[in-house]
Amino acid sequence: MTELRTDRLVLRRWRDSDLEPWAAMNADPAVREHLGAPLTREQSDASVARFQNEFDRQGYGWWAVEVRATSEFIGFAGLDPVDDGMPFTGVEIGWRLARSAWGQGYATEAALTVLAHGFDTLKLPEILAVTTATNLRSQAVMRRIGMTRDPAEDFDDPAAPEGPLRPNVLFRLARSARV
């Protein structure tokens with residue numbers, strides 16, 4: 001498995017020591033605001049097992065993200081095929097960081113590295129990003145990494161219940177349009 005490095009971050013394989021801080025993140029209502037209800041420890045641990053299996057199966061997925069200077073686990077970033085049942089197909093980029101890591105440019109830094117890997121190593125023709133219409137922080141990261149949105153492609157997430165998590169926006173970046 002490829003490990004990705006930036007000036008400040010390491011995107012790497014998940015470790016057992018990540019399970020506790022990952023569970024704490026997933027139990028934080030602020031982190032889960034645009035994702036749904038907080039997760040139990042069991043649900044959180046199961047998500048890591050899925051991430052590891054998907055990475056083994058497809059050769060890419062969700063990396064654990066740590067700060068290089070301190071080795072502190074701060075979240076995840078990576079690529080994943082779009083879920084079945086969505087009104088589009090492709091490979092999606094995503095990230096989720098602990099609240100303590102917000103506002104420091106880590107999401108943008110990790111996302112730029114993931115994009116480079118997706119385009120340069122995996123040779124993906126396009127990478128997508130999806131978030132709720134109300135998640136302005138993630139939309140700002142999407143714009144900072146060069147992605148664009150066509151409001152005509154906005155959609156209601158068929159897996160989300162009625163309410164604020166259902167309206168979603170779709171951003172795209174083609175390899176040929178990358179700066």
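## Close-up views of a predicted model

View 1. When neighbours within four places in sequence are left aside, the contacts of Ser-44 are with Trp-22, Ala-23, Asn-26 and Leu-39.

**View 2. The protein chain as a whole, for orientation.** The protein chain contains four helices and nine strands, and these follow one another along the sequence in the pattern β-β-α-α-β-β-β-α-β-α-β-β-β. The C-alpha trace spans about 40 × 40 × 35 Å along its principal axes, and buried residues account for 48% of the 179 residues. Among contacts with a separation of 6 or more, 60% are between residues 24 or more positions apart. The protein chain exposes about 9,000 Å², of which carbon and sulfur atoms supply 51%. Its side chains include 21 positive and 26 negative ones, and the centres of these two sets lie 5 Å apart.

**View 3. Strand S5 and its partner S4.** Strand S5 comprises residues 91–97, and because six of its seven residues are buried, the strand is largely enclosed by the rest of the structure. Strand S4, formed by residues 73–81, runs antiparallel to S5 and is joined to it by seven bridges. Within this pairing, Leu-79 stands opposite Ile-93 of S5.

**View 4. Val-91 and its surroundings.** Val-91 is found in strand S5 and is buried, with a relative accessible area of 11%. Not counting residues up to four places away in sequence, Val-91 touches Tyr-60, Leu-79, Asp-80, Pro-81, Val-82, Leu-124, Glu-126, Ile-127 and Leu-128. Gly-118 lies 27 residues from Val-91 along the chain, and the C-alpha atoms of the two are separated by 9.0 Å.

**View 5. The buried residues of helix H4.** Helix H4 covers residues 136–144, and its buried residues are Ser-138, Gln-139, Ala-140, Val-141 and Met-142. These buried residues pack against several elements, namely strand S5, helix H3 (106–121), strand S6 (126–132), strand S7 (148–149) and strand S9 (167–174). Just after H4, Gly-146 takes a positive phi of about 95 degrees.

**View 6. Pro-158 in the loop between S8 and S9.** Pro-158 is located in the loop that connects strand S8 (155–156) with strand S9. With a relative accessible area of 49%, this proline is partly exposed, whereas Val-91, at 11%, is buried. Residues up to four places away in sequence being left out, Pro-158 touches Gly-85, Met-86 and Arg-166. Between the C-alpha atoms of Pro-158 and Ala-110, which are 48 residues apart along the chain, the separation is 28 Å.

Note on methods: Residues are numbered from 1 along each chain as its sequence is written. This is a predicted model: local features need pLDDT of at least 70, side-chain atom pairs count only at pLDDT 80 or more; totals for chains, interfaces and linings use all residues. Side-chain values use heavy atoms; hydrogens and water are left out. Buried means under 20% relative accessible area, exposed over 50%, partly exposed in between (1.4 Å probe, protein chains only). Helices (H or I, at least four residues) and strands (E, at least two) are DSSP runs, numbered from the N terminus. Two strands pair if DSSP finds at least two bridges between them. Contact means heavy atoms within 4.5 Å. Accessible areas come from the Shrake-Rupley method with a 1.4 Å probe; for residues, only the protein chains shown count as cover. Lys and Arg count as positive and Asp and Glu as negative; His and the chain ends are not counted. The place of a charge is taken as NZ of Lys, CZ of Arg, CG of Asp or CD of Glu.
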